[in-house]
Amino acid sequence: MKKIEAIIKPFKLDEVKDALNDIGIVGMTISEVRGFGRQKGHKELFRGSEYVIDLLPKVKIEVVVNDDIADQVVETIMKTARTGNIGDGKIFVSSLDATYRIRTGEEGISAI
């Protein structure tokens, strides 16, 4: 099993969610997060004063999938979330040793 974490621009969330549903992904966790990458934020002007916004709003999508569809999930997220501009986000893929469903005690892929 693989855990795929994608940090994307907030306005791309619905599009990415729909694209993942279209390929059969039915469960995901979504969090509102803040952070910065290479751009280290940006400066804005408010009432004549300049200030730095160094933590930009992003959305984090977490999905756990079987190994055989992990590449398809990553490709779908990359294609759908890409705008071509700085700050499009990142995708992290990690291996999972075990998964458990608390309610039933199921383990492994059936617990997803």
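User: What does isoleucine 61 touch, not counting residues up to four places away in sequence?

Analyst: In this predicted model, isoleucine 61 touches Ile4, Glu5, Ala6, Ile8, Leu13, Val16, Leu20, Met28, Thr29 and Ile30. Contact here requires heavy atoms within 4.5 Å. Ile61 is also, together with Leu20, one of the residues with the most contacts inside the largest nonpolar core.

User: What makes that set of residues a nonpolar core, and how many residues has it?

Analyst: The term applies to buried nonpolar residues joined through side-chain atoms within 4.5 Å. The largest such core has 16 residues. The elements that give two or more residues to this core are E1, H1, E5 and H2, and H2 provides the largest share, 5 residues.

User: Why is isoleucine 4 called buried?

Analyst: Isoleucine 4, in strand E1, has a relative accessible area of 1%. Buried means under 20%, and therefore isoleucine 4 is classed as buried. Beyond its neighbours within four places in sequence, Ile4 is in contact with Ile61, Glu62, Val63, Val65, Ala70, Val73, Val74, Ile77, Ile91, Phe92 and Val93. Its C-alpha atom lies 8.9 Å from that of serine 95, which is 91 residues away in sequence.

User: Why is lysine 2 called partly exposed?

Analyst: Lysine 2 also lies in strand E1, with a relative accessible area of 23%. Buried requires under 20% and exposed requires over 50%; the value falls in between, and lysine 2 is therefore partly exposed. Its contacts, leaving aside neighbours within four places in sequence, include Val63, Asp67, Ala70, Val93 and Leu96. Lysine 2 and serine 110 are 108 residues apart in sequence and 14 Å apart in space, C-alpha to C-alpha.

User: How do you know that the buried residues of H1 line one face of the helix?

Analyst: Leu13, Val16, Ala19 and Leu20 are buried in H1. Seen down the axis of H1, its buried residues fall within an arc of 135 degrees, so they line one face. An α-helix has 3.6 residues a turn, so residues three or four places apart point the same way. On the other side of H1, Asp14 and Asp22 are exposed. The buried residues of H1 are covered by elements including strand E1 (2–8), strand E2 (29–35), strand E5 (56–65) and H2.

User: How is the packing of helix H1 and helix H2 described?

Analyst: Two packed helices are described by the angle between their axes and the distance between the axes. The axes of H1 (residues 13–22) and H2 (residues 70–81) come within 9 Å and cross at roughly 150 degrees. Their crossing is right-handed. Glu15, Val16, Ala19 and Leu20 of H1 make the contact with Val73, Thr76, Ile77, Thr80 and Ala81 of H2. By class, the contact has 6 nonpolar, 2 polar and 1 charged residues.

User: Why is threonine 76 counted as buried?

Analyst: Threonine 76 belongs to helix H2. Its relative accessible area is 10%, and since buried means under 20%, the term applies to threonine 76. Apart from neighbours within four places in sequence, threonine 76 is in contact with Ala19, Leu20 and Ile23.

User: Which residues does alanine 111 touch, not counting residues up to four places away in sequence?

Analyst: Alanine 111 touches Thr99, Tyr100, Arg101 and Glu106. The C-alpha atoms of alanine 111 and tyrosine 100 are 5.4 Å apart, although the two residues are 11 residues apart in sequence. For serine 110 and threonine 99, 11 residues apart along the chain, the C-alpha separation is 8.7 Å.

Note on methods: Residues are numbered from 1 along each chain as its sequence is written. This is a predicted model: local features need pLDDT of at least 70, side-chain atom pairs count only at pLDDT 80 or more; totals for chains, interfaces and linings use all residues. Side-chain values use heavy atoms; hydrogens and water are left out. Axes are lines fitted to C-alpha atoms, for helices over the stretch in contact, and angles run from 0 to 180 degrees between N-to-C directions. Helices (H or I, at least four residues) and strands (E, at least two) are DSSP runs, numbered from the N terminus. A crossing is left-handed if the near helix is turned anticlockwise from the far one by less than a right angle, and right-handed if clockwise. Ala, Val, Leu, Ile, Met, Phe, Trp, Tyr, Cys and Pro count as nonpolar, Asp, Glu, Lys and Arg as charged, and the others, Gly among them, as polar. Buried means under 20% relative accessible area, exposed over 50%, partly exposed in between (1.4 Å probe, protein chains only). The arc is that of the directions from the helix axis to the C-beta atoms.
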